[in-house]
Amino acid sequence: MNIHKSYYETLYSRPVVALSGYCAKYDLPDSLYAYLAYGGTTGSAKDALAEGMLALATEKGLLQPGQTVIECSSGSFAVALACAHSRHPLMLCMPATVPLERQQMLTKFGAQIVLSNYVYGRRGVEQRAQEAVEQTGGYFLNYFDNDLNAEFHRRVTGPNIAKATGGALDAVVAGVGSGGTITGVGEYIKAWYPDVKVVAVEPYESQAIGGGYIGRHNIPGLGAGFVPENYNPYIVDAVMAVPSHTANVTAREVLETDAIPASPSAGAVLTAAHQLMAEHPDLKRVVCVFAGQVLYEWAAAVQPGPGCGQ
């Protein structure tokens, strides 16, 4: 019998699939692959990440049984935490501008909502989280600035990609949201296969990583508007920027060519990989990290608006 002890076990071992239809359409080498990191309640990689970070925090003695988990999030990571099978009370700090419908949804999942004055932006939300830690003795997960984020990807995502491909890779392309995926995967891949190129992707309209203009965009999960503390620039060989419209078009394309319901962030990563292979014909074996899929019933409720970090 091959019965999993938990649904999350299925999220820790995700497949690498060949994008044969997309490659045929654009006459690309049939060695462009996608690592489907998504799954679970939110249809994104955040479900496995939330459960994994909580497990790692417990393993390291940072999170005690029954201790309140505190986080600054109102998007898919917030939903993933609220649905995680952790048995920890959850307190979510967010700006007062977060739509009431989303606040109500998270409350229904059992989260306590703490609002911050929108005037102070991210700093205000983090300050409210620190105050909550002092008041409750809770554990601030802080996934934008917590190496457990990257550690999850060093233990799970990177090894999964290496195992599936046997290390026969020329490049790995991943988006930058919290910075954990690109850092964890990049550090693991570079440690074992130093010649493999690691490429980071961000929205063209918000180029914090590349040092360009920072503005609003429409690629949920990417481009938080600042350089995440988790981000390790030393393992990144190139940063590529993709317009929101192009990312959304490519996401629909890969649904048509390969039946993969890719999110706009996955569309951005695939667009960058396509451009990379066109500009560098020697890079033939490329893996894209698809961190999300489109779940139509959840799209309006879970995904934050343009320019919102998750």
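This short talk covers the aromatic pairs and the open sheet of a predicted model.

A word on conventions: residues are numbered from 1 along each chain as its sequence is written, and side-chain values use heavy atoms, with hydrogens and water left out. Because the model is predicted, local features need pLDDT of at least 70 and side-chain atom pairs count only at pLDDT 80 or more, whereas totals for chains, interfaces and linings use all residues.

Let me begin with the rings. A search of the whole structure gives 7 aromatic pairs, where rings of Phe, Tyr and Trp (its six-membered ring) pair if their centres lie within 6.5 Å, and planes under 30 degrees apart count as stacked, over 60 as edge-to-face and the rest as tilted. One of these, Phe77 with Tyr143, is stacked, at 3.8 Å centre to centre and 10 degrees between the planes. Phe77 sits in helix 4 (residues 76-83) and Tyr143 in the loop between strand 6 (139-140) and helix 7 (147-155), so that the pair links parts of the chain 66 residues apart; helices (H or I, at least four residues) and strands (E, at least two) are DSSP runs, numbered from the N terminus. Both Phe77 and Tyr143 are buried, meaning under 20% relative accessible area with a 1.4 Å probe, protein chains only. Together with Phe144 and Phe226 they form one aromatic cluster.

Turning to the sheet, 6 strands form an open sheet of mixed pairing in the order 1-2-10-7-8-9, two strands being paired if DSSP finds at least two bridges between them. Strand 1 (16-18) and strand 9 (238-242) each have a single partner strand, so one side of each is left without a neighbour in the sheet. Strand 2 (residues 32-36) runs parallel to strand 10 (residues 286-290), joined by 5 bridges, and Ala34 stands opposite Cys288 in strand 10.

Notes: Buried < 20%, exposed > 50% of the residue type's maximum accessible area, 1.4 Å probe, protein only.
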